[in-house]
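Hi everyone, thanks for coming. Let's take a short tour together; please have a look at the screen.

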Amino acid sequence: MTILRARDREQAATPARCQAQAWTMASSWRCAWTRWSPPSTRSAEVPAGSSCARVSWKEGPPPAWVVKQCVRIPVFVMIRPRGGDFLYSDREVEVMKADIRLAKLHGADGLVFGALTEDGRIDTELCTALLAVCRPLPVTFHRAFDMVHDPLVALETLISLGFERVLTSGCDSSALEGLSLIKRLAEQAKGRIVVVPGGGITERNLQRILEGSTASEFHCSARSARDSGMKFRNPNVAMGASFSAPEYSIKVADVAKVRTLNAIAKNIL
């Protein structure tokens with residue numbers, strides 16, 4: 001399932017305007033892509049309909065149907081009106097609802113969002129309202145979960161609300177560091193919700209994370225940097241904040257990493 005960040009204003013855009021991260025189901029795997037990646041990831045022996053990716057867009061994003069033309073897997077759209085925290089204003093809530101409707105209109109196979117109250121709890125009122133707009137599509141609660149006050153209580157709240165999945169790094173800086181909590185969450189879930197480890201997962205630590213968490217799905221980027229084709233380069237200007245990605249480096253899906261992750265997961269599961 002490809003997870004596309006929703007800020008779709010029905011602009012005429014192409015996949016060249018996006019960068020991507022991914023999460024993959026452990027039964028088969030799909031990873032990060034940009035304009036160059038879909039053909040490569042398809043050649044990496046990724047079965048259709050069995051993986052998911054979060055695609056985060058800079059500038060105006062293409063609609064979900066554009067992404068679906070590039071991949072043969074379900075597309076899950078992330079609803080995120082802005083960066084920063086997960087406490088949303090009434091105006092932002094209306095934007096989120098509009099984005100959900102647009103995502104469904106363009107053929108999304110599922111939705112992904114998260115919302116918290118000011119005291120770090122799941123915003124049940126808002127989530128209920130957004131879930132109603134999302135249905136009948138399946139919905140995942142994203143890593144807003146890692147900012148909650150009490151993750152064990154929050155997990156039960158998500159289950160009662162009807163979320164199908166929750167993405168988490170175990171409320172730590174990476175899934176590896178939060179591994180003990182991820183395992184505890186998976187044990188508590190008992191199949192009532194899918195706990196998906198995510199955050200800093202690579203081919204170097206995937207085995208440890210899958211075995212240590214008992215997870216059947218995980219989230220990773222599987223990206224590599226590709227040098228820009230620009231010959232003239234202005235070193236004095238950056239199109240973004242100082243902490244943005246290098247101006248002349250493009251993140252793309254690494255087919256070798258996809259295959260390696262796939263092999264590791266198949267061996268474990």
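Let's start with helix H4, residues 124–134, whose buried residues are Leu 126, Cys 127, Leu 130, Leu 131, Val 133 and Cys 134. Buried here means under 20% relative accessible area, exposed over 50%, and partly exposed in between, with a 1.4 Å probe and protein chains only. Looking down the axis of H4, these buried residues fall within an arc of 155°, so they line one face of the helix. That arc is taken from the directions from the helix axis to the C-beta atoms. On the other side of H4, Glu 125 and Ala 132 are exposed. Among the elements covering the buried residues of H4 are helix H3 (90–105) and helix H5 (151–161), where contact means heavy atoms within 4.5 Å.

A quick word on the source: this is a predicted model, where local features need pLDDT of at least 70, side-chain atom pairs count only at pLDDT 80 or more, and totals for chains, interfaces and linings use all residues. Residues are numbered from 1 along each chain as its sequence is written, and side-chain values use heavy atoms, leaving out hydrogens and water.

Next, where does Ser 221 sit? You'll find Ser 221 in the loop between strand S10 (217–220) and strand S11 (223–227). Helices (H or I, at least four residues) and strands (E, at least two) are DSSP runs, numbered from the N terminus. Ser 221 is partly exposed, with a relative accessible area of 23%. Its C-alpha atom is separated by 8.8 Å from that of Gly 199, 22 residues apart along the chain.
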